[in-house]
Amino acid sequence: MDNAVLTRLKNAGLLSEQVPDMGFVSTGSFALNKVISGDYTKGIPVGMITQFHGEASTAKTVFATHILKEAQAKGYYTMLVDSENAYNPEFAKHLGIDPKKLIYAAPETLEDCFQVIEDTITAIRETDADTPIVVAYDSIAVSPSKAEYEAESYEGNNMQGAIRAKSTGACLRKINPLMRKHKVALVIINQIRNKVGVMYGSPDTMAAGGKSLEYYLGVNLKCISNKTSDLLKDDHKRVTGIKGTVRNTKNKCSVPFRECEFELMYNEGLNPYAGTLKHLEADGLVERNGAWYTVAGTGKKFQSKEFETLLLDPKTEGFEELHKFFGV
């Protein structure tokens, strides 16, 4: 390629000069990391928008919190946009968040939320051009558009939905180019609503953003948990957590339409090893025969209830290959 041609072009270059991998941030779940990136230790991509959506109490905010914690551990800038005004700082500290390193904002409208994200990115890049930035927006479904917020009464506000969808599209068109340019990972949390009058198929639809939001996502994840059968209880029948499934419905980093299991313990956070065995079996790293698993290559046998204990012990014989995968 003639360099004279490139010098005359603005905002253009060779594809070979682009950086395909700008880094990843772990989700706190090895199985989910595998589903998103194809690697147990990677996670959500820097330079793209990732969405967690689902019904209430399906660990969406907890996943975002674990991502912020992992980003802080890497020395990245972290920010939380809390439009729900329901974020629990004590629980965040319990999960490992350093509040002194977390930028916090609670804007009143959808447009203000995206504006404060853009302003924060711009301010950071004035002094630091390289360190990645991780932003969690919890949640876009709660943020009213300015038209809704400035309405004189609540009556008729439900007719402003199309305006909010248009506002979301406009905001995303403006902020999306900043993701890759400034090494930003944006995590958006969304809610589920039901379409009226649906008799066949799923009535689920996302609460905010209309159709436009899905097109801007690099990764789209649906959190699913049954409020009765998926409860985790202790020996005294007291609820201690939930389990569920994360389904990947869009992925620009790896194979889409895969899913994994997760476990959330209310006093501990996510179990990083939940759901991992199924993926190790699918990858051929372990083999299953009834209730017993065998590590491929070493012949080490174990049961699922022993897996986490054996994996966390670096002295476990026959687990050397698995230790490499998880950095034990």
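Predicted model: local features only at pLDDT ≥ 70, side-chain atom pairs only at ≥ 80, totals over all residues.
1. The length of helix H5, which covers residues 110-125, can be checked against its residue count: at 1.5 Å a residue, its 16 residues should span 22 Å, and because the C-alpha atoms at its ends lie 23 Å apart, the two values agree.

2. Arg164 belongs to helix H7, which runs over residues 161-181, and although Arg164 is buried, no salt bridge is found for this residue. The nearest side chain of opposite charge is that of Glu148, at 4.2 Å, whereas a salt bridge would require a side-chain nitrogen of Arg within 4 Å of a carboxyl oxygen. The side chain of Arg164 does, however, reach the backbone oxygen of Ala141, at 2.9 Å.

3. Turning to the strands, an open sheet is formed by three of them, in the order E14-E15-E16 and with antiparallel pairing. Strand E14 (286-289) and strand E16 (301-303) are its edge strands, each of them pairing on one side only, and neighbouring strands of this sheet are turned against each other by 35° on average, if direction is ignored.

4. Within that sheet, strand E15, made up of residues 292-295, pairs with E16 in the antiparallel sense over three bridges, and the residue that stands opposite Tyr293 is Phe302 in E16.

Conventions
Residues numbered from 1 in each chain as written. Heavy atoms only, no water. Helix = DSSP H or I, 4+ residues; strand = E, 2+ residues; numbered from the N terminus. Buried < 20%, exposed > 50% of the residue type's maximum accessible area, 1.4 Å probe, protein only. Lys, Arg positive; Asp, Glu negative; His and termini not counted. Polar contact = N/O pair within 3.5 Å; in protein donor to acceptor, adjacent residues only side chain to side chain. Expected span 1.5 Å × (residues − 1). Pairing = 2+ DSSP bridges. Axes fitted to C-alpha atoms, helices over the stretch in contact; angles between N-to-C directions.
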